[in-house]
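Visitor: Could you take me through the nonpolar core of this model and the helices packed around it? I would enjoy a close look at that one part.

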Amino acid sequence: MFEEKEKSCSIPRELIGVNVGIACVDGVIAILAFTQLARIHSRNSQLGWTRQKVFHLLIGFTNAGYFVYFVLTLIAACRGWLCWSYSCGFVAMAFPKILFFTTFLLLLSFWVDLCHQADDEEEEDDEQGFLEALLQNSFNRPRSSTADSRRICYPFRLIHVGTRQKIVMLVTVLVFLLMMTFAVLIWIGMEENPIDSSTVAQVYVDLFSAAMLLLGGALACYGLLLCRKMRNVRSERASSEIRKVAGLAIVSVLCFTSSAFVAFFTDIPVLYHWHELQIDGVYTSLLLILYYFIGSSVPSAFVLWVMRELPPMSIASIQEESTTVTFITDSSAEIHHPRSWTTRASSQIQGLV
């Protein structure tokens, strides 16, 4: 499978440098994500899997996957691994991208939950009630003493998944199965048959890029809707959350659009098939930076930046509630007058608890 065709490395030096650079960036992001995940869990291990932990986990695995992909791409190109130019390289390229897609699709699901729950509440309550609930939304439901005693035996809580988060999981599984189907077709295309492996890979890349464009547009729409709802709140916290939502929406649109256009009009995503492509060292390097660094590394780093705040230390005798507006960070807040929208939000808008 990994038969070596040649020992010399004929990739342009510029391309090697860019691959090494992006691999280092993704490696650093992965290390930061896993390190921060460990710090977060050490502070509130009793809460189990919170949204903040899930996002760090996904980003860590995404960038670790890209790190492995770039390193193996250089090794495969220099050693002439035949399989890497077909199904193996395709899977290594596509898998981190699926995790990246899942990360931001999960973010969108939380935003959609908040917007629609807020709309439902506005029909029953006044505007001030909604704004108060928006800023005081509870993250975790009250836990019984029985659940707390089970926590001693089981360090991680059973994960509660909301309706839209289940849809995200289903979409992720379907995309993964689609990717594996394309990988099988690419593998079959290695033999003498009408299937063109590079064409099959490009079709998958185009479909996935179209999905990323739609995801970026959806994040922009719901980000704008959230900003409009929070704009009437006169508080420093609301202003900070508005900046986070707006920043994420803008970064998503710009980065996803740039990477999608590179995928539509170039062969950069299938560069693992390098020996059959026309490669210009400088031009290809710039497109590689635009597709991978701008399209994936920058959004991942930005999410880590807006989630940089550590949650408060959890105390066994005092169950601290975790709250958020944009479902980016977890912070502590005490709710003195919970409302019906807050109750529904705490039970439905949970990624992984």
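Guide: Happy to. A nonpolar core here is a set of buried Ala, Val, Leu, Ile, Met, Phe, Trp, Tyr and Cys residues joined through side-chain atoms within 4.5 Å. Buried means under 20% relative accessible area, exposed over 50% and partly exposed in between, with a 1.4 Å probe and protein chains only. The model is a predicted one, in which local features need pLDDT of at least 70 and side-chain atom pairs count only at pLDDT 80 or more, while totals for chains, interfaces and linings use all residues. Residues are numbered from 1 along each chain as its sequence is written, and side-chain values use heavy atoms, leaving out hydrogens and water.

The largest nonpolar core has 76 residues, and F90, F104, Y204, L215 and Y292 touch the most other members. At least two residues of this core come from each of helix 1, helix 2, helix 3 (87-124), helix 6 (163-188), helix 7 (197-230), helix 8 (236-265) and helix 9 (281-306). Helix 3 gives the largest share, 18 residues. Helices are DSSP runs (H or I, at least four residues), numbered from the N terminus.

P299 lies in helix 9 and, at 1% relative accessibility, counts as buried.

Now for the packing of helix 7 and helix 8. Their axes, which are lines fitted to C-alpha atoms over the stretch in contact, come within 8 Å and cross at roughly 160 degrees, on a scale from 0 to 180 degrees between N-to-C directions. The two helices are therefore roughly antiparallel, a label for angles over 145 degrees. Their contact has 20 nonpolar, six polar and two charged residues. Here Ala, Val, Leu, Ile, Met, Phe, Trp, Tyr, Cys and Pro count as nonpolar, Asp, Glu, Lys and Arg as charged, and the others, Gly among them, as polar.

Helix 1 (residues 13-43) and helix 2 (residues 51-79) pack at about 155 degrees, with axes 8 Å apart. That makes helix 1 roughly antiparallel to helix 2. Their contact divides into 19 nonpolar, nine polar and two charged residues.

Technical notes: Parallel < 35°, antiparallel > 145°, perpendicular 65-115°, else oblique.
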